[in-house]
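Subject: Structure handover and findings

Hello,

Please find the structure below, ready for you to take over. My notes on it come after.

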Amino acid sequence: MSSTNIPGSSQWAISDVLKRASPGRVPFSVEFMPPRDDAAEERLYRAAEVFHDLGASFVSITYGAGGSTRERTSRIARRLAQQPLTTLVHLTLIEHTREEMRGILQNYLENGVTNLLALRGDPPGDPLGDWIGTEGGLNYTSELIDMINETPEFAAFDIGIASFPEGHFRAKSLEEDTKYTIAKLRAGAEYSITQMFFDVDHFLRLRDRLIAADPIHGAKPIIPGIMPITSLQAAQRQMALSGSQLPAKLEADLIRAANGDEEANKDEIRKVGIEFSTQMAERLIAEGVSDLHFMTLNFTRATQEVLYNLGMAPAWGAELGHDAVR
Ligand code: FAD
């Protein structure tokens with residue numbers, strides 16, 4: 001299923017990119033979200049250039065629920081894939097028929113976008129609410145992988161999936177979560193990217209669970225999703241949306257830094273968040289991960305500060321000409 005170095009483009013299959021990690025050199029990658037307007041989209045392209053200059057192994061772009069944000073995801077993915085940046089596009093099953101999914105995949109193929117993060121998505125409006133399938137659509141990510149496998153021309157896609165250090169919130173048990181994650185890896189997903197987490201032990205237990213369940217497919221790379229916290233409220237909201245919580249000590253440190261006034265003490269909050277992500281990343285590197293995937297919220301500064309602390313990037317500043325995309 002690998003699309004190594006597509007002719008005429010600078011795209012690498014991410015499963016191949018991951019093989020290039022070595023003990024002394026751990027790559028990093030970044031996640032963007034489709035922004036609201038054209039000005040923010042231009043800033044995203046500049047941020048992508050910054051991360052390219054810093055040596056990012058790939059950039060990913062998430063997929064929203066509404067039509068206009070979906071068009072933006074598609075346009076951004078196509079444009080980034082024309083640049084010297086390996087690009088990963090997220091795709092969900094929400095409100096798509098099988099035929100629509102085929103059309104989207106076909107369009108990506110024609111535009112050289114061949115790295116796909118296959119996802120189910122969550123119900124729009126209430127992500128924790130009941131799953132409502134679309135008539136003529138798919139219900140589980142494994143069905144999307146099967147659909148790709150059944151279509152010979154889709155063999156060019158290099159497929160990644162989501163994994164969940166604490167288990168997916170809809171899974172009845174960690175065993176069930178493991179079973180379905182392994183099923184997707186056996187079906188042809190080459191790696192997974194985790195939901196953001198703040199306790200490295202949870203990541204390590206996920207890795208152990210997958211390898212114990214299937215020493216071959218369960219050993220495929222698991223890329224840790226790291227979110228450098230710069231806002232207490234935003235972090236709490238993000239965690240609630242995924243049915244999870246910040247670890248008590250981290251939350252207490254952030255609340256102490258906020259000292260009752262987030263706005264006035266935002267620098268202190270950032271300091272705690274960046275230091276925490278740095279320590280997490282150091283431990284993950286020592287544990288031999290193949291890549292560090294930063295959820296950037298389309299900003300460069302926090303991620304670059306963590307990379308700087310890790311000795312993987314110069315200090316954040318205006319010298320790269322990206323002061324506008326902090
Ligand atoms: P699935 O693999 O379909 O699993 C969904 C649930 O069903 C799980 O509980 C699983 O255990 C269970 N299950 C799986 N297969 C079966 C089966 N055959 N029978 C019974 N139960 C089964 N969402 C977005 O909307 N846009 C994004 O861009 C996006 N990007 C993400 C990126 C990452 C790195 C991560 C971790 C998540 C992302 N999400 C995104 C959120 C994701 O779509 C949700 O977490 C979703 O609820 C789960 O997706 P999945 O692909 O793991 O689902």
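Predicted model: local features only at pLDDT ≥ 70, side-chain atom pairs only at ≥ 80, totals over all residues.

Core

The largest nonpolar core comprises 74 residues. Those with the most contacts inside this core are Val59, Ala77, Val89, Ala118, Ile159, Ala189 and Ile226. I followed up one of them, Val89. Setting aside neighbours within four places in sequence, Val89 is in contact with Ile61, Thr73, Ala77, Tyr108, Val113, Asn115 and Leu116.

Ligand shell

There are 23 residues around the ligand, and the nearest of them are Thr62, His90, Arg120, Ala162 and Arg170. By class, the shell has eight nonpolar, 10 polar and five charged residues. Four elements each supply at least two shell residues: helix 5 (141-150), strand 5 (158-163), helix 6 (174-187) and strand 6 (191-194). Which of the elements gives the most to the shell? That is helix 6, with three residues.

Helix 5 and helix 6

Both of these helices contribute to the ligand shell, and they also meet each other. Their axes come within 10 Å and cross at roughly 10 degrees. Because angles under 35 degrees count as roughly parallel, helix 5 is roughly parallel to helix 6. On the helix 5 side the contact is made by Thr141, Ser142, Ile145, Asp146 and Asn149; on the helix 6 side it is made by Ala183, Lys184 and Ala187. Sorted by class, the residues of this contact are three nonpolar, three polar and two charged.

Thr181 is a residue of helix 6. Is Thr181 buried or exposed? It has 29 C-beta neighbours inside 10 Å, and 20 or more count as buried, so Thr181 is buried. Beyond residues up to four places away in sequence, Thr181 touches Ser163, Ser192 and Leu210.

Ala171 is in the loop between strand 5 and helix 6. It is partly exposed, with 16 other C-beta atoms within 10 Å. Not counting residues up to four places away in sequence, Ala171 touches Glu176 and Asp177.

Positive phi values

Most residues other than glycine have a negative phi.

- Glu95 has a positive phi, near 50 degrees, and is not a glycine. It is found in the loop between strand 3 (87-91) and helix 4. With 17 other C-beta atoms within 10 Å, Glu95 is partly exposed.
- Asn298, also not a glycine, has a positive phi of about 75 degrees. Its place is in the loop between strand 9 (292-295) and helix 11 (301-309). With 19 C-beta neighbours inside 10 Å, Asn298 counts as partly exposed.

Two further residues

Gln106 belongs to helix 4 (residues 98-110). It counts as partly exposed, as it has 13 C-beta neighbours inside 10 Å. Gln106 and Glu153 are 47 residues apart along the chain, and their C-alpha atoms are separated by 8.7 Å.

Arg36 lies in the loop between strand 1 (28-32) and helix 2 (38-53). Why does Arg36 count as exposed? It has 11 C-beta neighbours inside 10 Å, and a residue with 12 or fewer is exposed. From C-alpha to C-alpha, Arg36 and Thr69 are 7.4 Å apart in space, while in sequence they are 33 residues apart.

Regards

Note on methods:
Residues numbered from 1 in each chain as written. Core = buried A, V, L, I, M, F, W, Y, C linked by C-beta atoms within 7 Å. Contact = placed C-beta atoms within 7 Å. Near = placed C-beta within 6 Å. Nonpolar A, V, L, I, M, F, W, Y, C, P; charged D, E, K, R; others polar. Axes fitted to C-alpha atoms, helices over the stretch in contact; angles between N-to-C directions. Parallel < 35°, antiparallel > 145°, perpendicular 65-115°, else oblique.
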